[in-house]
Amino acid sequence: MATTTGTPGAHTAVAGSLRLPGIVLGVGLGGFVDGILLHQILRWHHMLSSTDHDHIGVKYYDPESVSGLEMNTVWDGIFHAVCWIAALVGLAVLYSRVTHDRRAVWASRVLWGWVLAGWGLFNLAEGLLDHQALGIHHVRPGSHQAWWDAAFLVLGGLLLAGGHLLRRSGRPFGPEAPRGAGRTGGRA
């Protein structure tokens, strides 16, 4: 692993922006939180658990029946595979862009701000597409599902805003950083 050597300009930690890898990594990790917490641990929904009321005519797979749970589990698995690919792509792009002082990048508020923003974008996209437009599942189906779906979107907005604030509070490093800037943050 490359590290800083203490030579002039050695604070250059990023060969490019942290925006893309942070957002893609955040989308993957946010999807994992959704899938593991809401689909598996709480069992509030699966990918096709509301298709009896969807907007596109997908066959209903009752998650309370064995065959319905099997089909929902397959689609949950496809969802997790997409999240895994997003996380791997985010890590690969991050690795390709960070050439020096990788520890400073991992401790950077900028990276984690972009990751939070990516998680927020995941919530907003997934909430608007799957919960609202397609209606294939809801955060927690039932009499209060509109409130749960709205809370999911609000959480997405808060994560996006929080990620932006965290990223903006980081100290610059990298090729565009002023000399003498800290190595614990970085605007990218």
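Arg-43 is exposed, with a relative accessible area of 64%. Exposed means over 50% relative accessible area, buried under 20%, and partly exposed in between, using a 1.4 Å probe and protein chains only. Arg-43 sits in the loop between α1 (19–41) and α2 (66–97). Its phi is positive, about 55 degrees, although Arg-43 is not a glycine. Most residues other than glycine have a negative phi.

This is a predicted model: local features need pLDDT of at least 70, side-chain atom pairs count only at pLDDT 80 or more, and totals for chains, interfaces and linings use all residues. Residues are numbered from 1 along each chain as its sequence is written, and side-chain values use heavy atoms, leaving out hydrogens and water.

Now the helices. Helices are DSSP runs (H or I, at least four residues), numbered from the N terminus. α2 has 32 residues. From first C-alpha to last, α2 reaches 46 Å, close to the 46 Å expected at 1.5 Å a residue. The expected span is 1.5 Å times one less than the number of residues. Buried residues of α2 include Asn-72, Asp-76, Phe-79 and His-80. The buried residues of α2 pack against α1, α3 (102–106) and α4.

Axes are lines fitted to C-alpha atoms over the stretch in contact, and angles run from 0 to 180 degrees between N-to-C directions.

| Pair | Axis distance | Angle |
|---|---|---|
| α4 (109–134) and α5 (145–168) | within 7 Å | roughly 160 degrees |
| α1 and α4 | 6 Å | about 55 degrees |

The angle makes α4 roughly antiparallel to α5. The other angle makes α1 oblique to α4. The cut-offs are under 35 degrees for roughly parallel, over 145 for roughly antiparallel, 65 to 115 for roughly perpendicular, and oblique for the rest.

α4 and α5 cross left-handed. α1 passes α4 in a right-handed crossing. Left-handed means that the near helix is turned anticlockwise from the far one by less than a right angle; right-handed means clockwise.

The contact of α4 with α5 holds 16 nonpolar, ten polar and four charged residues. That of α1 with α4 holds eleven nonpolar, five polar and three charged. Ala, Val, Leu, Ile, Met, Phe, Trp, Tyr, Cys and Pro count as nonpolar, Asp, Glu, Lys and Arg as charged, and the others, Gly among them, as polar.

Asn-123 lies in helix α4. Asn-123 counts as buried, at 1% relative accessibility. Leaving aside neighbours within four places in sequence, Asn-123 is in contact (heavy atoms within 4.5 Å) with Phe-152, Leu-153, Leu-155, Gly-156 and Leu-159.

How values were computed:
Helices (H or I, at least four residues) and strands (E, at least two) are DSSP runs, numbered from the N terminus.
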